[in-house]
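Here is a short briefing to read alongside your structure viewer. Take a moment with the chain, then follow the topics below in any order you like.

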Amino acid sequence: MPILLTDFTDAEKGGRFSLHTAWRLPDGRIAATDGHIAVIVEADVSTSGTISIDENAKRPREILNIMEGHGRIREWQPLPEYPQCEDCGGAGYTIDEGESKDCGKCDVTFGSDVVKRPLANKLVNLPDCEWATTSKDDMIPFRFTGGIGLVAPRR
Ligand SMILES: [Zn+2]
């Protein structure tokens with residue numbers, strides 16, 4: 001299964017950065033983020049979704065720095081249990097009169113943090129995804145076959 005880059009990009013154009021497509025890093029890897037979740041995928045991994053080659057597009061350069069700590073993490077854990085939800089069926093949102101509304105009842109607990117269900121669901125599609133606790137960063141590190149990432153807990 002190719003890694004679906006559009007799971008991790010911001011479909012909306014605009015804002016401070018161009019995040020509506022993934023982009024290639026100088027080392028050949030592919031980065032994508034929507035501001036709440038970020039991934040870096042190895043160059044030789046199969047992906048689907050657009051990869052922008054616009055070198056002038058503004059991207060968050062710190063994406064490499066914030067992922068520096070992954071190599072020092074010694075303990076990774078399998079994904080936690082995802083709660084069943086009768087309200088949204090596990091999607092994490094409901095559609096009410098055409099408006100998408102956060103369910104909020106089935107968010108996923110990662111150690112001492114809680115991740116919104118729609119965000120947590122993106123991890124399920126990554127091959128062999130594992131996560132780690134960290135005392136230093138406020139983002140939750142994860143890794144998978146072919147890449148690494150960070151996801152923001154609920155505040
Ligand atoms: Zn729900």
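Which residue in β3 does tryptophan 23 stand opposite? Its counterpart there is alanine 31. Please keep in mind that this is a predicted model. The chain holds two helices and 14 strands. Its radius of gyration is 16 Å, close to the 15 Å that the globule rule gives for 155 residues, so the chain is as compact as a globular protein of that length.

**Overall build**

- Along its principal axes, the C-alpha trace spans about 45 × 40 × 30 Å.
- Of the 155 residues in the chain, 26% are buried.
- Among contacts with a separation of 6 or more, 57% are between residues 24 or more positions apart.

**The sheet**

- Eight strands make up an open sheet with mixed pairing, in the order β6-β2-β3-β4-β14-β13-β12-β7.
- The edges are held by β6 (51-52) and β7 (77-78); each has a single partner strand, so one side of each is left without a neighbour in the sheet.

**Strand β3 and its two neighbours**

- Strand β3 covers residues 30-33, with Ile30 and Ala32 pointing one way and Ala31 and Thr33 the other. All four of these residues are buried.
- On one side, β3 pairs with β2 (residues 22-24) in the antiparallel sense over two bridges.
- β2 and β3 form a hairpin with five residues between them, and glycine 28 in that turn has a positive phi of about 100°.
- β3 also runs antiparallel to β4 (residues 37-41), and four bridges join them.
- Across this pairing, alanine 32 has valine 39 as its bridge partner, while isoleucine 30 stands opposite valine 41.
- The hairpin of β3 and β4 has three residues between the strands, and its turn includes glycine 35, with a positive phi of about 95°.

**The nonpolar core**

- The largest nonpolar core has 26 residues, and Ala32, Val115, Ile140 and Val151 touch the most other members.
- At least two core residues come from each of β2, β3, β4, β10 (108-110), α2 (117-124), β13 (140-144) and β14 (147-151).
- Which strand gives the largest share of this core? That is β4, with five residues.
- Leaving aside residues up to four places away in sequence, isoleucine 140 touches Phe110, Asp113, Val115, Trp131, Leu150, Val151 and Pro153.
- In soluble globular proteins, nonpolar side chains tend to be buried together.

- Most residues other than glycine have a negative phi.
- Glutamate 97 has a positive phi, near 50°, although this residue is not a glycine.
- Glutamate 97 sits in the loop between β8 (93-96) and β9 (99-102).
- Is glutamate 97 buried or exposed? Glutamate 97 is exposed, with 5 other C-beta atoms within 10 Å.
- Aspartate 128 is also not a glycine, and its phi is positive at about 50°.
- You will find aspartate 128 in the loop between α2 and β12 (130-131).
- Aspartate 128 has 11 other C-beta atoms within 10 Å and is exposed, since the cut-off for an exposed residue is 12 or fewer.

Key:
Residues are numbered from 1 along each chain as its sequence is written. This is a predicted model: local features need pLDDT of at least 70, side-chain atom pairs count only at pLDDT 80 or more; totals for chains, interfaces and linings use all residues. The radius of gyration is taken over C-alpha atoms; the globule rule is 2.2 Å times the number of residues to the power 0.38. A residue is buried if 20 or more other C-beta atoms lie within 10 Å of its own, exposed if 12 or fewer, and partly exposed in between; C-beta atoms are placed from the backbone. Two residues are in contact if their C-beta atoms, placed from the backbone, lie within 7 Å. Two strands pair if DSSP finds at least two bridges between them. A nonpolar core is a set of buried Ala, Val, Leu, Ile, Met, Phe, Trp, Tyr and Cys residues joined through C-beta atoms within 7 Å.
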